[in-house]
Amino acid sequence: MSLKTIAAKIFAHRIAKRTDTWVNTPIETQEKVFKKLIAKGSETKFGKDHGFNTIKTHNDFIAQVPIRDYEELKDYVNLAVDGKENILWPGKPLYFAKTSGTTSGAKYIPITEGSIKEQVKASRNAILNYIHETGKADFVSGKMIFLQGSPVLQEKNGVKLGRLSGISAHYVPNYLQKNRMPSWETNCIEDWETKVNAIVEETKNEDMTVIAGIPSWVQMYFEKLKENTNEYVGDLFKNFELFIYGGVNYEPYRKKFESLIGRKVASIELFPASEGFFAYQNSQKENGMLLLLDAGIFYEFVRSNEFFDEHPKRITLKDVEVGIDYVMIISTNAGLWAYNLGDTIRFISVSPFKIVVSGRIKHFISAFGEHVIAKEVEEAMLVATKATDASVSEFTVAPQISPNENELPYHEWFIEFEKFPSHMDVFIQELDSALQKQNSYYYDLIVGKVLQTLKITPVKSGGFLEYMKSIGKLGGQNKVQRLSNDRKVAEGLSKYKS
C-alpha cells in the first residue's frame, strides 16, 4: 500500500467525521448558514435595497426577497460585470462563470472566493466519501482525467471569466497535479473533436483509474478510444475503477457505457452547477445524493405543481416531504438571493436529506396539460430498453400539436439507437405504458383520446453530435435538452433522421 493510499484513507476518515456533524444537525446547520448569509448580504446594494438589516426569520426573507431567475436578477449582475463593488456580495466576484443563456445571450454567474472553495471541497469530499465507505483507495496512485472546458480565462473589468469546469481546472490540488490528465496544452484546445482526439492519444497508454465528465461527452471519448485501440476501455485501462459524473442522469447511458468498458465500474453522481455545488452521491449501496447543508447555500423549496401560482408557498428543509417534486431555490455565498436555479429535485430520504434531480422547471412537456418532466421520460426509456434489449445513445422528446389531418396530437421521441429493438411496436408500447404509469395526466389524455400513443423518429448514428455541433454546443458542459414544450430542438434534429 503506497503512502498516498494510506494518507487518502486517513484524510477520508477525518472528513467523514466532519460530515457527520452537520448531517446529524441539519436544521440547525441551515439556520446558521441563513444568518451568516444575511449578515454578509446586509453590506451590499442588494441587501440595502431589500432591507436585510431587518430580516430576522425566513418569513421576513420571504416578505422582502421575491424568487428571481437570472433574467430578473440581471440588472444587479450587470452592475457587478461592469466592475462595481458590493452589489450582490461584499467586494467584487473572483470570477464570472460564463454560460449560455436561453433568452438573454450569455449569462454571467458570479463566483466568489468562498463559493469556489466550497465547489472544490465538495468535489474532493465526494471522492473521500467513496474511499471511506468502500475502503478502496489504490486508485489515487493512478492517472485521473476530468473532461472539461478550456481553462483559458478572459477578463472583464478586473474579473476573470470562463466556463465553470475551466475555472475549476485552476484548483486541482497539488497532490493530484502529477496524476491529472490531459496535459494543460491539450485541455486548452477549444474545438471539442480535436480535443477528444488529442486526449485519446495522451491517455491510451496510461494507467487511468478515475474518469470524470458529463456522460454524453465521456461516451464520445470511450468510443474514440475503442476505435483507436480496438480494445474495451476496461481492458485498455485495467485499473479503471471509478466514473464520476454530473449534469445529466447516467441511467440512460449505463448500458452503452458497460458495453464500451466491457465490465462494470463504480460511479459517483455529483450535482454541481455554476451557481453552487449542491449534492453528491454518498453511498454505493443506496440511490440518491446527500444534500450539502454547510456549503454556503441556504435552500428553499416550492412544489413544482404550484410554482407558477401567483403566490407559491416557499418552505425550508424542515417541512419537505419524501416523493414530492420541488423547485429548488437557493441563496448563496456568491450573492444569489432566492434564486431559481431551474432544477426540480425529489427527496428520497429526510434522515439524512438525500435527493435525486427530477428535471428542469423550464424543461417539460405540458402542451396538453400533462406536465411530463425529464425524470419520467428517462425512467420510461429505461423500462423500454430493458424490456426489448434495445440500446440508446441519446434521445429527446417534443410535442406534436399539428399532426396530419384526422390524426390526434402526440409526443414525438427522437431517438438515436445504438441497438434497435427487435420489435419496435413492443418498444413503443412499453415506453408509452411506462410514461402513463408515472404521469396520471398523460394517462388521462391517452385514455380520453386527447393524445394518441407516442411516435418515434429514429436519428442517424452520430446525429445528436452533429446537431449539437450545428448549434455551437459540442462538448464542454453542454447537454442535450431531454425534453421541451416546443418544436425548436425537434426541428433541428429532423435534419438528422435515419
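A crossing of two helices is called right-handed if the near helix is turned clockwise from the far one by less than a right angle. In this predicted model, the crossing of α10 and α11 is of that right-handed kind.

Helix α10 covers residues 192-203 and helix α11 residues 215-229, and they pack with their axes 10 Å apart at an angle of about 55 degrees. The two helices are therefore oblique to each other. On the α10 side, the contact is made by Trp192, Glu193, Val196, Asn197, Ile199, Val200, Glu201 and Thr203. Helix α11 contributes Trp217, Met220, Tyr221, Lys224, Leu225 and Asn228. Sorted by class, this contact has eight nonpolar, three polar and three charged residues.

Now to the aromatic rings, of which the structure holds 30 pairs. One of them joins Phe46 and Tyr76: the ring centres are 5.0 Å apart and the planes stand at 65 degrees, so the pair is edge-to-face. Because Phe46 sits in helix α3 (residues 45-49) and Tyr76 in helix α5 (residues 70-81), the pair ties together parts that are 30 residues apart in sequence.

Here are the two partners side by side:

| Residue | Relative accessible area | Class |
|---|---|---|
| Phe46 | 0% | buried |
| Tyr76 | 13% | buried |

Both values fall in the buried class because that class means under 20% relative accessible area.

Which residues do ring pairs link into a cluster? Phe46 and Tyr76 belong to it, together with Phe34, Phe52, Phe61, Trp89, Phe298 and Trp337.

Methods. Residues are numbered from 1 along each chain as its sequence is written. This is a predicted model: local features need pLDDT of at least 70, side-chain atom pairs count only at pLDDT 80 or more; totals for chains, interfaces and linings use all residues. Side-chain values use heavy atoms; hydrogens and water are left out. Axes are lines fitted to C-alpha atoms, for helices over the stretch in contact, and angles run from 0 to 180 degrees between N-to-C directions. Helices (H or I, at least four residues) and strands (E, at least two) are DSSP runs, numbered from the N terminus. Angles under 35 degrees count as roughly parallel, over 145 as roughly antiparallel, 65 to 115 as roughly perpendicular and the rest as oblique. Contact means heavy atoms within 4.5 Å. Ala, Val, Leu, Ile, Met, Phe, Trp, Tyr, Cys and Pro count as nonpolar, Asp, Glu, Lys and Arg as charged, and the others, Gly among them, as polar. Rings of Phe, Tyr and Trp (its six-membered ring) pair if their centres lie within 6.5 Å; planes under 30 degrees apart count as stacked, over 60 as edge-to-face and the rest as tilted. Buried means under 20% relative accessible area, exposed over 50%, partly exposed in between (1.4 Å probe, protein chains only).
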